[in-house]
Amino acid sequence: MKPKVYVETSIPSFYFEERPEPQMVARREWTRQWWDNHRHEFDLWTSVVVIEELMEGDYPNKSNVNSLIGALPLLPYERKIDDIVQVYIDNLLMPRKTLGDAYHLAMSSFHACDFLLTWNCNHLANARKFAHIKQVNTRIGLFVPELVTPLELLGESVNER
């Protein structure tokens with residue numbers, strides 16, 4: 001059985017990233033390398049939250065970004081997810097101003113995804129926050145996904161050993 005991966009908004013965005021700063025170029029290349037060469041090793045999912053975030057605003061390559069993610073199946077939204085998001089807000093786990101991060105974590109936790117794949121290293125793939133995320137999810141009986149970047153999912157697969 002393939003590991004289940006929740007693909008968050010920043011992944012398709014970085015696939016088509018155009019900023020010239022070295023850190024942006026590196027993230028784009030790692031994202032493309034993972035997407036093009038390793039995504040088939042995983043069971044990929046996304047959510048309506050990702051789709052809505054990608055539809056907002058006007059940005060370069062918007063149609064390409066949306067088509068990249070458009071083929072992925074959507075995790076079902078359930079009303080319990082709103083309650084989980086509220087727990088995250090009440091416990092100062094995620095910012096109140098931008099609820100998308102809380103919804104990404106809630107969706108991936110509720111649906112027991114093995115990984116939440118993101119380039120959001122402030123609120124999600126942040127080692128300094130992980131203990132707090134684990135504590136809150138454990139207290140409310142939720143699975144704790146690993147919060148990773150594409151760079152962490154590159155490398156040798158089980159089949160290559």
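So, salt bridges: search the whole structure and you find two of them. Keep in mind as we go that this is a predicted model. The general idea is that side chains of opposite charge can pair when their charged atoms come close.

One of the bridges joins Glu 17 to Arg 19, and their closest N and O atoms are 2.7 Å apart. Are the partners buried or exposed? Glu 17 counts as buried because its relative accessibility is 12%, under the 20% cut-off. Arg 19, at 40%, counts as partly exposed.

The other bridge pairs Glu 29 with Arg 28, with 3.0 Å between the closest N and O atoms.

Okay, on to helices. Two packed helices are described by the angle between their axes and the distance between the axes. Have a look at H3, which covers residues 48-55, and H4: their axes come within 10 Å and cross at roughly 170 degrees. So H3 is roughly antiparallel to H4, since angles over 145 degrees count that way. Which residues make the contact? On the H3 side you've got Val 50, Ile 51, Leu 54 and Met 55, and on the H4 side Lys 62, Val 65, Asn 66 and Ile 69.

Follow the chain out of H4 and you get to the loop between H4 (62-70) and H5 (80-90), where Leu 74 sits. Leu 74 is partly exposed, with a relative accessible area of 43%. Together with Val 48 and Tyr 77, Leu 74 makes a nonpolar surface patch of about 250 Å².

Most residues other than glycine have a negative phi. Leu 92 has a positive one, near 55 degrees. You'll find Leu 92 in the loop between H5 and H6, and at 70% relative accessibility it counts as exposed. Ala 112 also has a positive phi, near 50 degrees. Ala 112 is in the loop between H6 and S3, and it's partly exposed at 36%.

While we're in that loop, check out His 111, which lies between helix H6 (100-110) and strand S3 (115-117). Is His 111 buried or exposed? It's buried, with a relative accessible area of 13%. What does His 111 touch, leaving aside neighbours within four places in sequence? The contacts are Lys 4, Leu 75, Pro 76 and Ile 81.

Last stop, strand S4. Glu 146 is in this strand, and it's partly exposed, at 46% relative accessible area. Skipping neighbours within four places in sequence, Glu 146 is in contact with Asp 114, Phe 115 and Leu 116. How far is Glu 146 from Asp 83, C-alpha to C-alpha? They're 21 Å apart in space, and 63 residues apart in sequence.

Then, in the segment after S4 (146-148), there's Thr 149. With a relative accessible area of 8%, Thr 149 is buried. Again leaving out neighbours within four places, Thr 149 is in contact with Leu 117, Thr 118, Trp 119, Cys 121 and Ala 125.

To recap: we've got two salt bridges, H3 running roughly antiparallel to H4, and a nonpolar patch from Val 48, Leu 74 and Tyr 77.

Conventions
Residues numbered from 1 in each chain as written. Predicted model: local features only at pLDDT ≥ 70, side-chain atom pairs only at ≥ 80, totals over all residues. Heavy atoms only, no water. Patch = residues over 30% accessible without salt bridge, like charges linked within 9 Å, V, L, I, M, F, W, Y side chains within 5 Å. Areas by Shrake-Rupley, 256 points an atom, 1.4 Å probe, with all protein chains shown as cover. Salt bridge = Lys/Arg side-chain N within 4 Å of Asp/Glu carboxyl O. Helix = DSSP H or I, 4+ residues; strand = E, 2+ residues; numbered from the N terminus. Buried < 20%, exposed > 50% of the residue type's maximum accessible area, 1.4 Å probe, protein only. Axes fitted to C-alpha atoms, helices over the stretch in contact; angles between N-to-C directions. Parallel < 35°, antiparallel > 145°, perpendicular 65-115°, else oblique. Contact = heavy atoms within 4.5 Å.
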